[in-house]
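Happy to walk through this one with you.

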Amino acid sequence: MTAPPRLELDQISCRFDGRTVVRDVSLSVQAGDVLCLLGPSGCGKSTTLRVVAGIERQSAGTVRADGEVLSDSDLHTPPEARGVGLIFQDFALFPHLSVAQNIAFGLRGSGVDINARVAELLKRVDLDGYGDTPPHMLSGGEQQRVALARALAPRPRIMLMDEPFSGLDNRLRDGIRDETLHLLKEEGTAVVLVTHEPEEAMRMADQIALMRDGQVVQIGAPYNIYSSPCDRDAAAFFSDVNVLRGRVEGALTDTAFGQFLAPGVPDGTDVEIVFRPQHVKIDFDRGGRGPNPTPSEGVPARGIVERARFMGHESLVEFRMDFDARILKATVPGVFLPKPGVALWLTIRRDRCFVFPNRG
């Protein structure tokens with residue numbers, strides 16, 4: 001018999017003062033998996049997390065853990081009885097307690113068992129020997145590890161993390177993320193992570209739930225949600241995008257880069273063709289292409305360099321296109337800095353373009 005999800009949200013909605021801030025959110029997370037709630041500020045991510053924690057009570061829907069109802073229209077299990085750990089941007093360590101006392105806070109049992117658990121966690125977060133240290137003597141990364149150890153100490157079945165790394169120095173962030181993820185996976189904890197940073201979601205999540213205006217608009221594995229966005233806004237949330245516009249005739253739309261397939265789109269529909277800067281190829285001439293290019297390369301179109309910038313591992317070049325005077329962006333690995341005013345020819349990967357109805 002298949003085990004139920006460690007965490008399941010079924011049609012969760014939240015209304016405050018007559019305003020709906022979360023609408024019909026349904027999600028599930030298995031033990032040992034990380035689900036990331038990703039989206040802009042105010043989209044309902046943190047409210048959803050607070051519902052799971054029991055800090056807020058939903059207006060409709062059901063929260064379950066391992067098949068057990070934690071909250072619905074009749075029942076509301078208090079936060080302390082849910083087996084849920086919490087880590088927020090503010091680590092909220094007790095300044096008057098040592099590192100070991102912070103980790104032990106809230107643990108129940110004999111002193112021997114508590115001391116053993118604290119010693120185990122100090123070792124696992126690489127803070128062996130720091131037990132007697134006051135929190136203010138630690139770096140931001142070390143404090144984050146103490147907060148993680150404290151949240152893990154009672155062995156919660158679910159860990160909730162709200163922007164937990166945003167206060168860390170960029171140089172430390174990736175390492176701390178990886179250490180945290182490794183430890184949570186080892187513990188077999190189901191994790192719900194809230195962030196507004198696509199890179200963080202891609203780095204940590206097994207599943208990403210992209211939220212907008214209180215709803216989940218798309219959910220899937222990081223590669224799938226990046227490679228098959230549900231609409232223009234979803235594509236643009238993960239990276240810069242370029243947009244062409246056209247009208248569908250016979251399941252095709254004509255552009256300066258050639259024709260694009262628009263299967264299932266009615267004739268006469270205005271569409272947007274969305275593609276990322278890394279899928280633009282730059283040539284110094286038309287490249288000898290005839291009137292019938294291969295499906296992947298498209299028709300060349302000429303653009304005039306507006307500016308070029310080196311971004312560290314790639315160069316970003318902006319062109320003003322001849323066909324409509326719009327700006328189009330291209331990225332090139334390494335250093336490529338053509339001077340403004342230079343005319344170059346561009347092609348785009350038609351198999352890396354997304355066709356969406358034009359929203360106007």
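Q: How does the lining of the largest pocket divide by class?
A: The lining of the largest pocket has 14 nonpolar, three polar and six charged residues. This is a predicted model, and such totals use all residues.

Q: Which residues lie nearest the centre of the largest pocket?
A: Of the 23 lining residues, Val-84, Gly-85, Leu-86, Ala-151 and Pro-154 lie nearest the centre. The elements that give two or more residues to this lining are strand S6 (84–88) and helix H4 (140–152). S6 gives the most, with five residues. The space in this pocket comes to about 680 Å³.

Q: What makes a residue such as Gly-85 part of the lining of the largest pocket?
A: A lining residue has an atom within 4 Å of a pocket point. Gly-85 is one of the 23 residues that line this pocket, so it has such an atom.

Q: Why is Ile-55 called partly exposed?
A: Its relative accessible area is 38%. Buried means under 20% and exposed means over 50%, so Ile-55, at 38%, is partly exposed. You will find Ile-55 in the loop between helix H1 (45–53) and strand S4 (60–65).

Q: Which residues form a nonpolar patch with Ile-55 on the surface?
A: Leu-86 and Phe-88 do, and the patch has about 230 Å² of accessible area together.

Q: What is the volume of the second largest pocket, and how does its lining divide?
A: The volume is about 210 Å³. Its lining divides into four nonpolar, four polar and two charged residues, with Tyr-226, Asp-240 and His-313 among them.

Technical notes
Residues are numbered from 1 along each chain as its sequence is written. This is a predicted model: local features need pLDDT of at least 70, side-chain atom pairs count only at pLDDT 80 or more; totals for chains, interfaces and linings use all residues. Side-chain values use heavy atoms; hydrogens and water are left out. Patches are made of residues with over 30% relative accessible area and no salt bridge: like charges are joined within 9 Å, nonpolar side chains (Val, Leu, Ile, Met, Phe, Trp, Tyr) within 5 Å. Accessible areas come from the Shrake-Rupley method with a 1.4 Å probe; for residues, only the protein chains shown count as cover. A salt bridge is a side-chain nitrogen of Lys or Arg within 4 Å of a carboxyl oxygen of Asp or Glu. Helices (H or I, at least four residues) and strands (E, at least two) are DSSP runs, numbered from the N terminus. Buried means under 20% relative accessible area, exposed over 50%, partly exposed in between (1.4 Å probe, protein chains only). On a 1 Å grid over the protein atoms alone, a cavity is a set of points where a 1.4 Å probe fits but cannot get out, and a pocket is an open set with protein on both sides within 12 Å along at least five of seven lines; lining residues have an atom within 4 Å of a point. Grid points are joined across faces, edges and corners, and a volume is the space filled by probe spheres set on the points. Ala, Val, Leu, Ile, Met, Phe, Trp, Tyr, Cys and Pro count as nonpolar, Asp, Glu, Lys and Arg as charged, and the others, Gly among them, as polar.
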